[in-house]
Amino acid sequence: MGLELKNLYDDFRDADTIKAYAKIIAVDASKLSHPINIMEVCGGHTHTIMKYGILQLLPKNIKFVHGPGCPVCIMPKERIDHAYVLSQQPNVILVTLGDMIKVPGSNGSLQDARAKGADVRFVYSPLDCLKIAQENPDKTVIFFAIGFETTTPMTAALLDTVIRQEVKNILLHVNHVTVPEPMRALISDEACIIDAFLGPSHVSVISGSKIYEEFPRDWGKPVVVSGFEPVDVMHSISMIVKQFIENRCELEVEYKRAVTREGNLKAQAMMDKYFHKVDFRWRGLGDIPQSGMGLRSEYDRYNAEKIYDAVLPKEEINDHKLCICGDILKGKASPPQCSIFGTACKPTTPVGSCMVSSEGACSAYYKYGNLPLS
Amino acid sequence: MCLSIPSKVVKIDPETNTATVDTMGVQRSAGLDLMEEGSVQIGDYVLLHIGFIMNKIDEEDALESLRVYKEILDVMDEQERRAAIEESENCPNGGV
Ligand code: SF4
């Protein structure tokens, strides 16, 4: 083969290396007895796959199913409405991360709330809340926390500091979710066509590759934990294909430079101290038991959901009836098959979860749909 | 885009439990709360995520990655470069 991991470090984005992998994959894939469908769980991977035209480089018998790993896309509308309502409360500063601010809820997005005068802020790190709280002692700062296992420990660290420094004006609205439960939910569905998983990068740095051990062992689905770069993704696809032609079903780690089996134990302990597993309703996938991380009841006095319970809307909001995100996530459909893809539903006017953030499958198709490898 | 550019630890402040890290010439502060006490030393290479050090990485791996990232960043202008570095550890959504 001639391609070693060492070469990957030489050029994560090198077009020649990518093409070399494409050849290896094509040769190996010709030996496959049936087509394989690989789900990339992480939205970051969806982005890489679309941006670098990786789909166009793969043989026809290797297909991708774009997974639910975008924390903004999976946020149900009723929780966005929570954020909106919280931002309307007197003396509240609502703080959140990333594209969350753009996603429309029933009354509009947080951006709209801000345009109407609410104090909504976007930060890069939860720690920025401390500064905002200090500068605004007469306001309550509510951190609308989102993200998978990667970000949960950071929210825990914020709360840890709040408690240690006795900060009086920071509350959390927690919307953390975990990766293995939706993976399990998807493959338990009989209609699901996923044959193997490309495991997320950052989640695995924190949680360790051990969280995927059940998938090859109990479900017969190989998992390769991949780095973010296009060469990482090509290498990982090649590893998956090899498992199939060699009749292996294993957990392998391509992203060895950052991922161990155990992960970051301190971060895991921090997460366990403040959070426990709760049920969560996913946009596009519905209720998944024990797939969320909620604040433990000892910390109710920091829990904005408890404190503002009286004003927060309770009813669940169903996905738009034309939206087929659920089928896209299960691999039963691809974005262009949606009747309103690119027309009524676009990144500026997202109807469903897969269009709301740059990491969602529909949004990635909209943006990069036909780009060849440059 | 999640580049995960390795950063080098240049200073440690035990008082605030933060480190000053250098990511290809851009310096900023990062929380040490998720690392075992004493496990991160000046000169170590680390990966960041939303303002925290998430793990350490091997120096050899880090240097190789940095060489590649340098090539990518060299073709950007100063502003783009700074933005790319500052946002490098983040999935745009604090994500996965
Ligand atoms: S294009 Fe929009 S409505 Fe259609 S499946 Fe995607 S997100 Fe849902």
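This is a predicted model: local features need pLDDT of at least 70, side-chain atom pairs count only at pLDDT 80 or more; totals for chains, interfaces and linings use all residues.

Trainee: How many helices and strands are in chain A?
Mentor: Chain A has 17 helices and eleven strands. Those are DSSP runs, numbered from the N terminus: helices are H or I with at least four residues, strands E with at least two.

Trainee: And how compact is chain A?
Mentor: Its radius of gyration is 21 Å, close to the 21 Å from the globule rule for 374 residues, so chain A is as compact as a globular protein of that length. The radius is taken over C-alpha atoms, and the rule is 2.2 Å times the number of residues to the power 0.38.

Trainee: What share of chain A counts as buried?
Mentor: 62% of the 374 residues. Buried means under 20% relative accessible area (1.4 Å probe, protein chains only).

Trainee: Switching to α17(A). Where is this helix, and how many of its residues are buried?
Mentor: Helix α17 of chain A spans residues 361-368, and six of its eight residues are buried.

Trainee: Which ones?
Mentor: A:A361, A:C362, A:S363, A:A364, A:Y365 and A:Y368.

Trainee: What do they pack against?
Mentor: The buried residues of α17(A) pack against α3 (43-51), α4 (54-57), β2 (62-69), α15 (325-330) and α16 (353-356) of chain A. Contact means heavy atoms within 4.5 Å.

How values were computed
Residues are numbered from 1 along each chain as its sequence is written. Chains are lettered from A and ligands numbered from 1 in the order in which they are written. Side-chain values use heavy atoms; hydrogens and water are left out. Buried means under 20% relative accessible area, exposed over 50%, partly exposed in between (1.4 Å probe, protein chains only).
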